[in-house]
Amino acid sequence: MVVLVGLVMVVAASFTFAYSARMILPVFPGPPMEEPPREGSVGFLLPVAVVSLAGVVLGLAGPIAEPLLTPAAQAVLGEKAETDLALWHGVNPALLMSLAVIALGSVLVAFRHPLERLLGDRKLLPFTAIGITESLRDGSIALGRRVGDVTRSDAPFGHLAWPLVMLVVLAGGGLAIARVDPVHAPITRPTDWILLFLVTVGVVLANVAHTRMTIVVVVGVAGFAMSLFFFTLGAVDVALTQLMIETLTLVVIVLVLARLPDTFHRTGRARLAMAGVLAVLTGAAAGLGTWAFTGRRDLSEVGRTFLTEGEELTGGTNVVNTILVDFRALDTLGEFVVLGVAALAVIVALEGRGLLPYRPSPRRARVAEAVEDPVSNTIILRVTDRFLGPLLLVLSAYLFLRGHNAPGGGFVSALVLGAGISLIYLAAPDDRVSRLSRAYVTLIGWGAIIGVVTGLAGYADGSFLRPLHASLGGIKLTSALVFDLAVYLAVAGIILAAISRLGTTAGRPPLRKVGTQEEAMVGRGGTVDEPHHPDTAPRLATTGERDRTRAPWLEPSLDPPTEKER
């Protein structure tokens, strides 16, 4: 078998030798060209020259390259390996195969003209490489279309169902073949039942709710209960993160729901039953999986190392933060880069597709009420913003600086900053908030750049993203803090992008058309250049209604007042 593979390699390499010579030989013989080709620029030739020179130098001085190749060989093989580079290794199979390639390739080159006549009429080989490539391309496209037909739908259910089905299958299969160890110690406490009751209330209310906004609120109840659960377990970092994510998610979801109908569309009983069965199976799989892995094994060797040697290795006492920015910094770098790319994709999608207009609210305010006037309506939040805004900024900086030794860090501190950004938006009497018109893409980009540069600096101590430590006036310094800054900037940029693109007028893409009604705004870019006060709000392009880029509950009623209102 080894000999057969070697023969195939020799034949394939001989054809490579032949067609390479076929391209090169016609260039040099023959009369000179009337207009000789121009030499490339230095920038064009330099990369080729560097690689060629390095090949010559390293080829003649093999031992110079051995320290570079040995670690790579060990990483690939997973065991100790030694590289031995030299120009001459004696007569061996590799040398004989090379000589056979040169000899057979030379024969093919010498008889290239008869071979061209033999192959030119396509009787021997009635196909071409281009034809094969085109067939493979067309076949791949056709296969992709067939595969895509299974999920070619805009209905969320069709896309969300399959991951849940796979979760049920994998969890069920794993529990069926896994050995469940006995519980080592009691895993429940009295407070757990109180928190379980809160989670259950949120889940039940979410299933009986009829409006989107109600579901968002009651699901938040379950989320906040989980934050309290993490606090009772002593996972303060995780609890703070859960709490801030619940808050910010609520703000972003409300910005989206303001453009969607208040209630859900009707669904058939069969689909409702399918969704119910899938939800129950998914919950059961997740619950059984949690039950099977909780309190049934001792602390792993890796976890014990994090707890016992983390401070000595990293200089930090907050094990959550040291894992994120020291031990598993590469995972963290990949995660916030993926989040940044996702944010950029959302921005591009909004630029191309635009936003749905705000839906008119079925609830109308009387003109005489203060809620109708955005300035009067937001007075409480605007006063609160003056004091709570700076406090959130200071708290964000405090959590960032203490994260290596106490609950905090770049991620949760950026979420606190995001809460301040949300407060600025909510306190504004209008959706044109100049303080949110910041270069959020630049923040995301700088986060990624600082993270990569910090990783490269780790090579000074031997590897990518290895933290560097120093001491200045008795104060311990670490490059992990700089990496945490990268996380902070990236997350803050993502939050600012979400609120700026979904909630503010500045830089907003044109509104989309809904049905046959023109919803685009009069003005450049589908937006207006003046504040959206009731007295200055522009009209829609083809309707006499007020601007729907304002919150619908701030719109005065266009209907005549009822007898009761009079």
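The dialogue below takes these features in turn.

Q: What kind of model is this?
A: This is a predicted model; local features need pLDDT of at least 70, side-chain atom pairs count only at pLDDT 80 or more, and totals for chains, interfaces and linings use all residues. Residues are numbered from 1 along each chain as its sequence is written, and side-chain values use heavy atoms, without hydrogens and water.

Q: At what angle do H1 and H4 pack?
A: Angles run from 0 to 180 degrees between N-to-C directions, with axes fitted to C-alpha atoms over the stretch in contact. Helix H1 (residues 2–24) meets helix H4 (residues 93–110) at about 45°, with the axes 8 Å apart. H1 is therefore oblique to H4 (roughly parallel is under 35 degrees, roughly antiparallel over 145, roughly perpendicular 65 to 115, the rest oblique).

Q: Which residues of H1 and H4 meet?
A: Contact means heavy atoms within 4.5 Å. Gly6, Met9 and Phe17 are among those in H1, and Met97, Leu104 and Val109 among those in H4. By class, this contact has 14 nonpolar, four polar and no charged residues.

Q: How many residues has the largest nonpolar core?
A: A core joins buried nonpolar residues through side-chain atoms within 4.5 Å; buried means under 20% relative accessible area. The largest here has 40 residues. H19 gives the largest share, 14 residues. Leu415 is one of those with the most contacts inside the core. Leu415 touches Thr241, Val491 and Ile495, among others.

Q: Is Arg297 buried or exposed?
A: Exposed means over 50% relative accessible area. Arg297 is exposed, at 65%. Arg297 lies in the loop between H11 and H12.

Technical notes
Helices (H or I, at least four residues) and strands (E, at least two) are DSSP runs, numbered from the N terminus. Ala, Val, Leu, Ile, Met, Phe, Trp, Tyr, Cys and Pro count as nonpolar, Asp, Glu, Lys and Arg as charged, and the others, Gly among them, as polar. Buried means under 20% relative accessible area, exposed over 50%, partly exposed in between (1.4 Å probe, protein chains only). Lists of a residue's contacts leave out its neighbours within four places in sequence.
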